[in-house]
Amino acid sequence: MNWINKIKKLGESIKQNINKKFPTRSERESSAWTSCCKGPLLKKELEENLFVCPHCNKHHRISPKQRFDLLGFSNYEILKTPIPKDDPLGWIDTKSYKDRLKDARKKTNQDCAVVIAKGNLRGIDITIGATNFNFIGGSSGAAETEAIVYGVQHAIDNKTPFVFFPCGGGQRMFESPIALAGMTKTTLAINELKKNNLPYLVCFTDPTAGGITASFAMLGDIQFSEPGALIAFAGRRVVQATVKEELPPDFQTAEFLLKHGFVDRIVERKNLASEIKLLLSLLLKKNSEVNSENNEQTSDINIQTREAS
Ligand SMILES: [Zn+2]
């Protein structure tokens, strides 16, 4: 047995023991324990280390609110984003979509998977957004699309950069074509942001896949990722069956994407605030130069027009 399988087996047995001790999901969620590479881990210990395992550096999933808190804003405010009509297709499978939404809202205390906020990060006013994986796997439907578009419009209206932390499995199947249309809508929104010369920074978190990767999340001026994040369009098995080749073990990880140019930089959670501040300072300086050049060109044109008349 190679070392990867040994670690995999160890992880599975730890998970099984914890599941045995806390058989229901609500018991596991309310217990003081979670698990990682070395076995049971106190949630408090994990939280004190920014929800990063002190032994293996695994960046555990966190909610948008936890992320905003950890970034250390001097102040931030969560914005109320539009909520379109629930369940437009009347979807029912093993459970109704309405019930899934009800459970997700209760579990996360959010109206939809995406949360948008405005705040001041180390002296820079920014509009920021993040997805909560615990809200129906972070999937994207009409409400999530509207939240992202609202965030972009807020950034344009207030002339702030837009920073987004995506995750999620892709477009939400319970809203099929409506969810798919969100890919175009969010892409067009980001295009408007760029026309206004405002920086757009993306930081992938684990896991980001499907239509989320194939639309707004891949359009950042700079693409960050947390270490070890899974970033994909189609799943590994689908790709393997299509290309009929053995894929490397780190395929679709942030580290693999860094090597192949889809990710610009892998940033540990503890360094995110300082890296975001540094990059935005540089991009804002560059953008203000572009804006002043545009203004100069416009005033040249005005002068020439006045002279001509
Ligand atoms: Zn660990």
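Residues are numbered from 1 along each chain as its sequence is written. This is a predicted model, where local features need pLDDT of at least 70 and side-chain atom pairs pLDDT 80 or more, while totals for chains, interfaces and linings use all residues.

Q: Is N57 buried, partly exposed or exposed?
A: N57 sits in the loop between α3 and α4, helices being DSSP runs of H or I with at least four residues and strands runs of E with at least two, numbered from the N terminus. Its phi is positive, about 70 degrees, even though N57 is no glycine. Count the other C-beta atoms within 10 Å and you get 13, so N57 is partly exposed.

Q: How many C-beta neighbours does F51 have inside 10 Å?
A: F51 lies in that stretch too, in the loop between α3 (43-48) and α4 (64-71). Here again phi is positive in a residue other than glycine, near 60 degrees. Most residues other than glycine have a negative phi. F51 counts as partly exposed because its C-beta neighbours inside 10 Å number 19.

Q: Which residue of β4 is the bridge partner of I78?
A: Two strands pair if DSSP finds at least two bridges between them. Strand β3 (residues 75-79) and strand β4 (residues 114-121) are joined by 5 bridges and run antiparallel. Within that pairing, I78 has as its partner in β4 the residue A117.

Q: Which residue in β5 does A117 stand opposite?
A: On to the next pairing: β4 runs antiparallel to strand β5 (residues 124-131), and 8 bridges join them. In β5, the residue opposite A117 is I128.

Q: What is the phi of R122, in the turn of the β4 and β5 hairpin?
A: The hairpin leaves 2 residues between β4 and β5. R122 is in that turn, and its phi is positive, at about 50 degrees.

Q: Is the peptide bond from D206 to P207 cis or trans?
A: P207 lies in the loop between β7 (200-204) and α8 (210-213). Most peptide bonds are trans. From D206 to P207, though, omega is near -15 degrees, and the bond is cis.

Q: How many buried residues does helix α9 have among its 8 residues?
A: Helix α9 covers residues 236-243 and is hardly covered itself. Just after α9 comes K244, with a positive phi of about 55 degrees. Back in α9, the buried count is 0.

Q: How far apart are the C-alpha atoms of N291 and N196?
A: N291 belongs to helix α11 (residues 272-308). N291 has 13 other C-beta atoms within 10 Å, so it counts as partly exposed. Along the chain N291 and N196 are 95 residues apart, yet their C-alpha atoms are separated by 9.0 Å.

Q: Which residues of α7 do A142, E144, T145, I148, V149, V152, A155 and I156 in α6 meet?
A: Two residues are in contact if their C-beta atoms, placed from the backbone, lie within 7 Å. On the α6 side, V149 and V152 are among the residues taking part. Their side of the contact faces, in α7, I178, G182, K185, T186, A189, I190, E192 and L193.

Key
A residue is buried if 20 or more other C-beta atoms lie within 10 Å of its own, exposed if 12 or fewer, and partly exposed in between; C-beta atoms are placed from the backbone.
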